[in-house]
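Trainee: I would like to learn how to read a structural model feature by feature. Could we take one together, with the general idea set out before each case?

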Amino acid sequence: MTDQQPDPQSEEPSAEAARPSVLDRMRRLHALREQRSDLFTGAELAERAPIARPAPSPVAAPHSTNPRDLMALVPGEVVENERGICFVSRAAVPVETDRGGHPLADLFAHRAQRLTGSADFDFRRAAFIDTETTGLGGAGVYAFMVGVGTFEAGNFVVRQFFMRSPAEEPALLTAVAELLADREALVSFNGRTFDVPLLRGRFSQNRRWLSAAAQEAPLLQNGAAHLDLLHPARRLWRRRLQSVRLIN
C-alpha cells in the first residue's frame with residue numbers, strides 16, 4: 001500500500017498565511033481615506049485643509065542685526081549703563097488724555113490716603129510697575145520685561161525695559177533701579193504679592209554684578225509706600241461679580 005501525497009490545493013491555509021500583510025492593510029486604509037474624501041464638497045474640503053503658516057524665523061542672537069530682531073518689531077533703542085546694555089521702548093501720553101472718562105491729570109487730586117495709610121502719597125511721585133516673566137515662581141524665573149510708568153513734565157511716560165538674553169539682566173536691573181531711585185511710591189496690580197518679590201529676588205541673585213546703589217532699590221524693599229490696586233478693586237467689584245479671584 002503506497003503512501004498518498006497530500007493535495008496542495010486541498011490544504012487549508014495556515015493562520016500565518018491567512019493573516020493580511022501590512023501592505024494589504026495599508027492599501028485598505030488608503031482606499032477608505034479616498035472614499036471618506038468623496039463625501040465632502042470642494043468648499044468643505046477647503047475648510048478642512050491645513051492653514052498655510054509661514055515658517056518660523058530663527059531666533060535672533062543677542063545684538064543681532066537680523067531684521068526679525070526685537071528692534072524691528074518694537075520701537076525703542078539700546079541703552080547702555082555701567083553693567084552693559086538692554087533694550088528700552090518709550091511712549092509718552094499727555095496728562096490731558098482721557099482714560100476711563102477722565103483725564104489722567106485728575107489723578108493728581110487724589111492722595112490715596114485711605115488706600116495706602118500715607119497722607120503724603122502723591123501719584124506724581126509714584127512709579128507704576130508691572131512685569132512680564134518666564135514663569136510664575138521659583139529662582140529660575142526671569143522678568144524679561146519690566147514696565148515702569150511715571151509722570152514727567154506734563155506726560156505719563158511708559159518705559160518697557162527688555163532683556164533680550166540673560167546676559168542683559170544686570171543692565172536691565174540697573175536701569176530700573178536708576179529710574180525707581182527718583183520715585184517715592186509704587187503703584188501696581190498684584191505687585192505686592194508677585195512683581196515686587198520677583199524683582200527683589202532677581203536683584204538679590206545679581207547682587208555681585210550690581211553697584212551698591214542698584215542693590216538697594218529702596219522702593220522694592222518691605223515697608224516702602226505701595227498702592228496695590230488688586231485689593232481695592234476686589235472690594236469695589238465683589239458684590240457685582242460672581243468671583244473676584246485673580247484669574248477672573
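This is a predicted model: local features need pLDDT of at least 70, side-chain atom pairs count only at pLDDT 80 or more; totals for chains, interfaces and linings use all residues.

Trainee: With which residues is F161 in contact, once its neighbours within four places in sequence are left aside?

Mentor: F161 is in contact with F87, V88, F144, M145, V146, V148, L172, A175, V176 and L179. For the chain as a whole, 56% of the contacts with a separation of 6 or more are between residues 24 or more positions apart.

Trainee: How many helices and strands are there in the chain, and what share of its residues count as buried?

Mentor: The chain has 9 helices and 9 strands, and of its 248 residues 30% count as buried. It exposes about 17100 Å², of which carbon and sulfur atoms supply 53%.

Trainee: How many residues of α6 are buried?

Mentor: For a helix, one asks both how far it reaches and how much of it is covered. With 12 residues, α6 reaches 16 Å from its first C-alpha to its last, close to the 16 Å expected at 1.5 Å a residue. Because 11 of its 12 residues are buried, α6 is largely enclosed by the rest of the structure.

Trainee: Which residue forms a salt bridge with E169?

Mentor: The partner of E169 is R202, with the closest N and O atoms 2.7 Å apart. This pair links distant parts of the chain, since R202 belongs to helix α7 and E169 to helix α6, 33 residues apart. Both R202 and E169 are buried.

Trainee: How many salt bridges are counted, and which other residues take part?

Mentor: The count comes to 6 salt bridges. In one of them R159 is paired with E152, the closest N and O atoms being 2.7 Å apart; R159 counts as buried because its relative accessibility of 17% is under 20%, whereas E152, at 23%, is partly exposed. In another, the side chains of E168 and R164 meet at 2.8 Å, N to O, and E168 counts as buried at 3% relative accessibility. R125, D182 and E184 are linked in a network of salt bridges.

Trainee: Where is S89, and which backbone oxygen lies 2.8 Å from a polar atom of its side chain?

Mentor: S89 is in strand β2 (residues 84–94) and, at 8% relative accessibility, counts as buried. The backbone oxygen of P75 lies 2.8 Å from a polar atom of the S89 side chain. Not counting residues up to four places away in sequence, S89 touches V74, P75, G76, V158, R159, Q160 and F162, and R159 in that list is the residue that forms a salt bridge with E152.

Trainee: Is T134 buried or exposed?

Mentor: T134 counts as exposed, at 51% relative accessibility, and lies in the loop between β5 and β6. A polar atom of the T134 side chain is 2.9 Å from the backbone nitrogen of Y142. Beyond its neighbours within four places in sequence, T134 is in contact with G140, V141, Y142 and F144.

Trainee: Which residues have a positive phi although they are not glycines?

Mentor: Most residues other than glycine have a negative phi. Here N190 has a positive phi of about 70 degrees, and A217 has one of about 40 degrees. N190 is in the loop between β8 (185–188) and α7, and A217 is in the loop between α8 (212–216) and β9 (226–228). N190 counts as buried at 13% relative accessibility, and A217 is buried with a relative accessible area of 4%.

Terms used: Residues are numbered from 1 along each chain as its sequence is written. Side-chain values use heavy atoms; hydrogens and water are left out. Helices (H or I, at least four residues) and strands (E, at least two) are DSSP runs, numbered from the N terminus. Buried means under 20% relative accessible area, exposed over 50%, partly exposed in between (1.4 Å probe, protein chains only). A polar contact is a pair of N or O atoms within 3.5 Å; within protein, one must be able to donate a hydrogen and the other to accept it, and residues adjacent in sequence count only if both atoms are side-chain atoms. Contact means heavy atoms within 4.5 Å. Accessible areas come from the Shrake-Rupley method with a 1.4 Å probe; for residues, only the protein chains shown count as cover. A salt bridge is a side-chain nitrogen of Lys or Arg within 4 Å of a carboxyl oxygen of Asp or Glu. The expected span of a helix is 1.5 Å times one less than its number of residues.
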